[in-house]
Structure formats: C-alpha cells, structure tokens
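The sequence and the structure are shown first.

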Amino acid sequence: MADLETAMSQPGFWDNPETAQITVGKLKTVKAIVDPMTQLLARDEDLQTLHELALEADSADELAEVTAEMIQLEKDLEALELKTLLSGPHDGGNCYFSIHAGAGGTESCDWAAMLMRQYLRYFERNGYKVSEVDRTDGEEAGIRSITLHVKGPYGYGYLSCERGVHRLVRVSPFDSQGRRHTSFAAVDVLPELADIEVDVDWASDVREDVFHSSGPGGQNVNKVASAIRLTHFETGIVVQCQNESSQHKNRAEARKVLMAKIYQAEQAKRDAELAKLYGNKGEIAFGNHIRSYVLYPYQLVRDERTGLKSAATDKILDGAIQEYIDTYLRFRAGKWEAPADDGDND
C-alpha cells in the first residue's frame, strides 16, 4: 500500500489519467482490507480494556454492553474474512456484468428486466458505480440483454458468484389464462482488464462495424452513427457498445469488453478449473440453473449449488442477495456445509 501511495504523490501522476485510475483502483482494493482490519484491531484492544473495567466495577450493565460489542466485532471480523476468499487475480477489480434472456420468449425478457432491477438495487446498496455499455430491449416487454460496467472494490470477486442461469417460476402476467410459467435468464461476469494486455491486431484480427444506436438516447446517440460492433475473427466473439454519443468512447469501451472476453476464453483453454466454472452457465434453459426464484405456488429462493434458501422473495428481488454471495464464497472455499434438502425442488 505504501508503494501505491508513494506513486500517487509523485509529480505528473495524473498526466496519464487512465494509468492513474488503475493505480487508484488498486489502492482502494488494498485499503478495503487494510483499513477495516486496522479498525477491528483497535476495537478489540478497546473492548479488552472496557471488559477489564467492567469486571473491576462489577457492573452487569457495562458487561452486557461489552458482550454486545464483542458479538458485533465477531460479525464484522467474519465479514472481513470473506474478503480473504477473494484472492483471484481479478477479484479485487471492476467488471462487466451482463444479463441475457433465455428460453421463454417475452416471459424471459421480463424476467431479465426483473433481475436487472435486483442487481441495480444491490449495486446501489453497496456503493458501486454503474454505467450501461449495451442494451437490447425485448419486443413486447423487458430486455433481451444488457451489459453494465460495474466499478467498485471487489466488484468482480463478489459478482462472479452470480455467474450462471437463474430460473423463475410464477403465474405469468402475460398469460390471460393465469397459468404458471418457468423463465430463464443468464448472468455473465467479465473482469475489467485495465492492466493486462491481450494480443490483438485491431486492423487485421477484428472487424469493426459502425451503426446508429437503438433504443432511448439523447440528441446525438440515435442521430449519429456512433455505435460500435467488434467481431474477433479467430474466436467469433462479438461485442458492441452504443451507450455514448461519441464513437471514440464507444470504440474504447467495446475494445475493453472484447479484450476481457478474449482473455477469459484463452484462460478457459489453459485452465481446466476456470473452464469448468465458465461452463456452469451452460444453456439458458431448464437443468442448468444455479438459482431458482419460485413465486408460485409458494415463495422461495433457492441456490442450487449451496442449498441456501429463503422465503423472503420480495426482499431478495429488491437486492438483498449478499447472503447468497457470501454463502457461495464459503462453499467454493470448502467452508460451507449445505443444509439437508427438505424436498423443495419445484
């Protein structure tokens, strides 16, 4: 941390804003662990002193207050320990977060929009900065797909726990007969590779298409051909960005997303474990989901990997998903024992 702070204090640090932002981001990530740990150690010392004083005074009220503070300190320590499970090379950084509607037509587009709202509320609760990179609306309702740029400490580490297919069971608002429908949407997460170079010859390896943006926009977003679509010949990966009115900004953002996808594809070839993780997303349909949201005939959100379940569906759909993320982190690290299955498998 001292090296990063020294670099920031050097003359000309902000001459290259992009490089400077990378350094600032690294410092924020380190401080997100170091500062809370320093505070916890100081609180522990204070509590030990207060406990000794309470014992000397033989004060039941003071002892009860110290006990309550110790319980809270343990909870805060447990939350900090979870961050130590985020030790991957990109866990501490920003990410690109995508939602894609799957099998189910209009139903799934509406479900994708519900998921988008859930995650936007989660981002808001946790202080993440979010910007829209690309979006395709559904023909009748909801969204077909959306890609967001999420900025904040451990954004990739936490959100990578959400990668996979999410299943919804409910009475359809689009079915005049009020029948039950099952819908699917997939979440994908890519690290922002600001400080990693991917070997791409933009002139020969990639085709660039410029087109008019679609959907809601400002004065220039829809009138000027500023949207960018990039196709990587070797892998067949296609990305596009149409959020900015500037063609230059859209191109820069699209290149970042493309490099992240190429990097992930290359890592998957070399790393069997990462390939397995990435493959968990599978087909966006029945049998491949990682989490089920059941709104009818009963209320339940169940994570299929960990077995964690809750009947507080409204609360969870409003962004209260941290418990699911934390539990999966423990599960991935071998520190979670799944609860016994009581047969809720609808």
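What percentage of the 346 residues of the protein chain count as buried? The value is 41%, where buried means under 20% relative accessible area, exposed means over 50%, and partly exposed lies in between (1.4 Å probe, protein chains only).

## Basis of the model

The model is predicted: local features need pLDDT of at least 70, side-chain atom pairs count only at pLDDT 80 or more, and totals for chains, interfaces and linings use all residues. Residues are numbered from 1 along each chain as its sequence is written, and side-chain values use heavy atoms, with hydrogens and water left out.

## Overall architecture

The protein chain contains 9 helices and 11 strands. Helices (H or I, at least four residues) and strands (E, at least two) are DSSP runs, numbered from the N terminus. Among contacts with a separation of 6 or more in the protein chain, 62% are between residues 24 or more positions apart; a contact means heavy atoms within 4.5 Å.

The protein chain has an accessible surface of about 18,400 Å², and carbon and sulfur atoms contribute 49% of that area. Accessible areas come from the Shrake-Rupley method with a 1.4 Å probe, and for residues only the protein chains shown count as cover.

## Surface patches

Patches are made of residues with over 30% relative accessible area and no salt bridge; like charges are joined within 9 Å, and nonpolar side chains (Val, Leu, Ile, Met, Phe, Trp, Tyr) within 5 Å.

A patch of negative charge on the surface brings together Asp61, Glu62, Glu65 and Glu69. The nonpolar patch consists of Met37, Leu41 and Leu77, which together have about 250 Å² of accessible area. Leu77 is also in helix H3, and its relative accessibility of 34% makes it partly exposed.

## Salt bridges

How many salt bridges does the structure hold? There are 17, a salt bridge being a side-chain nitrogen of Lys or Arg within 4 Å of a carboxyl oxygen of Asp or Glu. Arg135 takes part in a salt bridge with Glu132 (3.9 Å, N to O) and in another with Asp137, where the closest N and O atoms are 2.7 Å apart. Glu132, at 29% relative accessible area, is partly exposed, as are Arg135 at 28% and Asp137 at 36%.

Arg207 and Asp209 form a further salt bridge, with 3.3 Å between the closest N and O atoms. Arg207 is partly exposed at 39% relative accessible area, and Asp209 is partly exposed at 24%. Elsewhere, Arg117, Arg121, Glu124, Arg125 and Asp318 belong to one network, joined by salt bridges that share partners.

## Backbone features in loops

Most residues other than glycine have a negative phi, and most peptide bonds are trans. Asp58, which is not a glycine, has a positive phi of about 50°. Asp58 lies in the loop between helix H2 (17-57) and H3 and is exposed, with a relative accessible area of 67%. Tyr154, likewise not a glycine, has a positive phi of about 60°. Tyr154 sits in the loop between strand E3 (143-151) and helix H5 (155-159) but is buried, at 7% relative accessibility.

Tyr296 and Pro297 are joined by a cis peptide bond, with omega about 15°. Pro297 is located in the loop between strand E9 (289-294) and strand E10 (300-303). Gly105 occupies the loop between strand E1 (95-101) and helix H4 (106-125) and is partly exposed, with a relative accessible area of 36%. The C-alpha atom of Gly105 is 9.3 Å from that of Glu139, although the two residues are 34 residues apart along the chain.

## Helix H9

Which residues of helix H9 (residues 322-332) are buried? They are Tyr324, Ile325, Asp326, Thr327, Tyr328, Leu329 and Arg330.

Conventions
Lys and Arg count as positive and Asp and Glu as negative; His and the chain ends are not counted. The place of a charge is taken as NZ of Lys, CZ of Arg, CG of Asp or CD of Glu.
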